[in-house]
Amino acid sequence: MKNNQEDLTQSSPLNPVVYTDALSETLLKQLFSHQICVICIRDYISKNVCSKIHERLVFDPQVNNYTHDIETKNQIKEVYYGVKRFGYPLNQIYNDTDGKKTETYFKQALPTIKKIRDISSPFLSPIDRLRLELDEHWSFGANLARIEGKKALSGIFRIMPAELSNLSEDNPHCDSVLDKYFPTIKGQFAASIYLNVPTQGGELEIWDVPPFSNDEMNDFGPISSWRSKLNESIKIKPEQGDLMLFSTRRPHAITKFDSAIRTSLQTFIGIDDSNKIFVWN
Ligand SMILES: O=C(O)CCC(=O)C(=O)O
Ligand SMILES: [Fe+2]
């Protein structure tokens with residue numbers, strides 16, 4: 001259990017942040033084995049394509065609050081930290097009493113992928129491109145995840161208005177899918193493609209500590225207290241069009257900003273014990 005600062009020693013033996021022009025198997029291996037903390041590809045998607053997708057989605061009537069799930073010993077609690085989303089993510093079905101949410105998840109998964117593809121047209125959807133490149137560069141393959149034998153969603157549009165952005169800064173978090181969906185998962189990562197960013201603030205902040213297991217996350221105390229227990233962080237300011245990949249089991253946060261709407265396309269990436277990659281939201 002990591003309950004004091006001494007336990008939280010730096011974990012990335014290589015340079016924690018790698019800036020590169022392209023994905024490669026070597027870099028992905030270093031990320032998945034936690035030798036590096038963040039891969040950043042500047043200008044992964046051209047700025048005009050980013051603006052177009054942002055404008056077409058930001059006021060979509062299906063935009064909803066994106067709650068974060070906190071798993072305790074007996075229950076899963078949903079908390080709202082000011083992030084909105086287009087796309088119905090898996091964590092929305094964690095508390096599903098009558099199966100209706102699960103039904104919605106599978107019903108919306110492929111149409112959401114298609115909508116982001118259509119909105120990006122005539123250009124390739126940024127999420128499709130990422131999925132193709134992950135598969136091309138990873139010998140063991142990268143596929144859309146299957147949950148209960150059905151195809152998962154991959155690619156969610158995240159929206160952060162400036163007004164509540166302090167909540168994401170004040171509450172660093174880890175994302176960790178419930179074991180029951182992917183029993184053989186050994187690592188969870190996020191890929192974010194930034195579509196619209198504030199001029200100041202809105203950085204990705206991450207702590208270069210060994211990734212937390214589910215138990216460690218739960219034992220670390222309320223997330224509002226994490227910042228005071230962690231050492232110095234790394235902050236990376238995304239620019240429009242950048243792609244960043246990082247382990248979601250390392251505590252991370254988004255720093256507050258005063259103006260503009262920060263939007264991104266994001267997918268989770270899992271690696272299982274046979275080194276296959278799968279993507280979902
Ligand atoms: O928007 C970001 O920079 C990071 C979002 C995040 O918390 C995640 O992708 O898990
Ligand atoms: Fe996260």
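**Exercise 1.** How many cavities of 30 Å³ or more does a search of the whole structure find?

*Solution.* This is a predicted model, in which local features need pLDDT of at least 70 and side-chain atom pairs count only at pLDDT 80 or more, while totals for chains, interfaces and linings use all residues. Residues are numbered from 1 along each chain as its sequence is written, chains are lettered from A and ligands numbered from 1 in the order in which they are written, and side-chain values use heavy atoms, with hydrogens and water left out.

Step 1. On a 1 Å grid over the protein atoms alone, a cavity is a set of points where a 1.4 Å probe fits but cannot get out; lining residues have an atom within 4 Å of a point. Points are joined across faces, edges and corners, and a volume is the space filled by probe spheres set on them.

Step 2. The search returns two cavities of 30 Å³ or more.

**Exercise 2.** Describe the largest cavity and its lining.

*Solution.* Step 1. The volume of the largest cavity is about 380 Å³. It is lined by 28 residues, with Thr 67, His 68, Asp 69, Asn 91 and Asp 175 closest to its centre.

Step 1. Two or more lining residues come from each of S3, strand S4 (76-86), H6 and strand S14 (261-272); helices (H or I, at least four residues) and strands (E, at least two) are DSSP runs, numbered from the N terminus. S3 provides the largest share, six residues.

Step 2. By class, the lining holds 13 nonpolar, 11 polar and four charged residues. Here Ala, Val, Leu, Ile, Met, Phe, Trp, Tyr, Cys and Pro count as nonpolar, Asp, Glu, Lys and Arg as charged, and the others, Gly among them, as polar.

**Exercise 3.** Characterise the second largest cavity.

*Solution.* Step 1. Of its 15 lining residues, Arg 158, Ser 192, Phe 246, His 252 and Ile 254 are the closest to the centre.

Step 1. At least two lining residues are supplied by each of S9, S13 and S14, and S14 has the largest share, with four.

**Exercise 4.** Which residues coordinate the iron ion (ligand 2)?

*Solution.* Step 1. The donors (N, O and S atoms within 2.8 Å of the metal, or 3.2 Å for Na, K and Ca; water is not among the atoms, so sites may look incomplete) must be identified. They belong to His 173 (NE2), Asp 175 (OD) and His 252 (NE2), at 2.1 to 2.2 Å.

Step 1. Asp 175 sits in the loop between helix H5 (165-170) and strand S9 (185-196), and His 252 in strand S13 (residues 252-254), so the pair ties together parts 77 residues apart in sequence.

Step 2. Buried means under 20% relative accessible area, exposed over 50%, and partly exposed in between (1.4 Å probe, protein chains only). Asp 175 counts as buried because its relative accessibility is 14%; His 252 does so at 5%.

**Exercise 5.** Describe the largest pocket.

*Solution.* Step 1. A pocket is an open set of points with protein on both sides within 12 Å along at least five of seven lines. The largest has a volume of about 220 Å³.

Step 1. Its lining comprises 14 residues, and Ile 70, Met 217, Asn 218, Gly 221 and Ile 223 lie nearest the centre.

Step 2. Strand S3 (64-71) and helix H6 (214-219) each supply at least two of the lining residues, and S3 gives the most, with four.
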